[in-house]
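Hello! Here are a few notes to read alongside the model. Please keep the coordinates open as you go through the points.

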Amino acid sequence: MVTKEEIYSWLEEVSDPEVPVLSIIDLGVVRNVSFENNSWQITLTPTYSGCPAMQTMEEEILLKLKERGLSTVKILTTLSPAWTTDWLSENGRKKLKAYGIAPPEDEQDKSLLFSSPTIVPCPVCNSKNTRLISQFGSTACKAHYQCSACQEPFDYFKCLK
Amino acid sequence: MTKNEALFNYTLRLGDDSLILGQRLAEWCGHGPILEEDIAITNISLDLIGQATNLLNYAALIENKDRNADNIAFLRLEKEYCNILLVEQLNGDFGDTMMRQFLFDAFRKPLFEMLQFSKDKQLAAIAEKSLKETKYHLKHSSEWIIRLGDGTEESHQRVQNSLTNLWRYTDELFFTDESDTLLGELGIIPDFSKIKEVWSANVTAVFEQATLQIPANNWQFEGGRKGRHSEHMGYLLAELQYMQRAYPNMEW
């Protein structure tokens with residue numbers, strides 16, 4: 001009989017298709033793993049309601065577990081509690097920065113108008129002299145910044161609380 | 001009317017508003033005034049279509065007639081869609097799109113803030129999830145309304161025209177019928193008058209900063225909630241439904 005710990009270690013090998021440097025465990029979208037009615041159940045939560053990567057993640061999980069000999073796996077989705085970047089692992093934050101994506105910083109309330117944009121250190125040269133280019137970036141979870149010191153344009157993994 | 005019928009109606013209405021506005025915004029893909037706004041508008045569209053998927057799947061579950069979000073989204077006739085008229089209005093210029101978005105976001109934020117405490121667990125969960133996205137949308141649309149309204153003479157005049165044209169669709173945001181009354185009594189949905197209070201205060205504050213005037217002529221349209229749509233709806237549905245109508249049951 002396979003253990004829960006083994007399943008978790010296999011899920012570490014499944015990556016986020018949009019940010020492939022992160023595993024789905026780093027991303028914090030795996031909310032539960034349990035054995036019920038003779039099959040393993042994996043509960044996921046989406047990062048954003050319309051995240052197009054969720055379906056790919058589900059398929060990758062099924063494929064990965066099938067390779068390990070588990071063919072009756074069920075994937076469930078939960079919406080509450082809603083995903084937050086607080087669930088991003090410490091290891092995940094380090095991997096993001098090394099990959100050139102600035103990890104989430106604590107932010108002011110999103111509803112404030114014209115609040116000064118969050119100071120996001122450049123993932124390449126660490127300068128805090130960076131500027132927000134756009135609140136929306138290449139995927140739902142990112143915003144677009146540029147470093148004024150080294151000129152590097154970079155993605156910022158938005159803080160979501 | 002049973003509780004389930006009322007819950008189905010309510011969930012379908014929220015789902016249709018998200019779906020149709022998501023479809024409208026997707027029309028901007030590749031046509032945004034600048035690359036950043038092209039990406040912003042399509043990101044917002046994606047969030048709305050994600051919310052629509054959650055809502056329409058839940059409506060299908062309540063209905064229990066072997067349908068899912070896809071069948072509901074793609075295989076109904078125009079009269080069966082119950083979105084408000086505001087969301088099906090044409091994109092117009094960037095100011096028209098931002099004005100429509102602002103009026104809508106300013107409604108959705110207090111709605112989700114209150115709905116997340118619904119006695120219906122799934123509606124509460126969808127609201128909790130959607131609220132985080134909606135706050136971000138509202139910040140984006142409010143900032144544009146202020147920038148355009150308090151901008152140049154040209155931008156002010158154009159976005160004032162957008163407000164004058166779109167204001168007459170705002171009463172329908174607060175449309176209620178017996179479904180809403182029943183669900184309100186059961187503590188499943190918030191009181192629309194409370195949402196309206198927050199909405200009014202928010203839009204008034206932003207318009208003040210944007211130096212925009214709410215039009216004095218307050219003639220209001222309605223009909224979308226009852227399936228009576230404007231002339232724009234048929235064209236939108238033709239595009240939305242094309243693949244499923246031409247190739248029934250096709251999948252990616």
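1. A contact here means heavy atoms within 4.5 Å. By that rule, among contacts in chain B between residues at least 6 apart in sequence, 82% join residues at least 24 apart.

2. A word on conventions: this is a predicted model, where local features need pLDDT of at least 70, side-chain atom pairs count only at pLDDT 80 or more, and totals for chains, interfaces and linings use all residues. Residues are numbered from 1 along each chain as its sequence is written, chains are lettered from A and ligands numbered from 1 in the order in which they are written, and side-chain values use heavy atoms, with hydrogens and water left out.

3. Chain B has ten helices and zero strands, counting DSSP runs numbered from the N terminus (helices: H or I, at least four residues; strands: E, at least two).

4. On overall size, chain B has a radius of gyration of 18 Å, which agrees with the value near 18 Å for a compact globule of 252 residues. That radius is taken over C-alpha atoms, and the globule rule is 2.2 Å times the number of residues to the power 0.38. The C-alpha atoms of chain B fill a box of roughly 55 × 45 × 30 Å along the principal axes.

5. Chain A holds an open sheet of four strands in the order 4-7-6-5, with mixed pairing; strands pair if DSSP finds at least two bridges between them. Its edge strands, pairing on one side only, are strand 4 (101-102) and strand 5 (130-134) of chain A.
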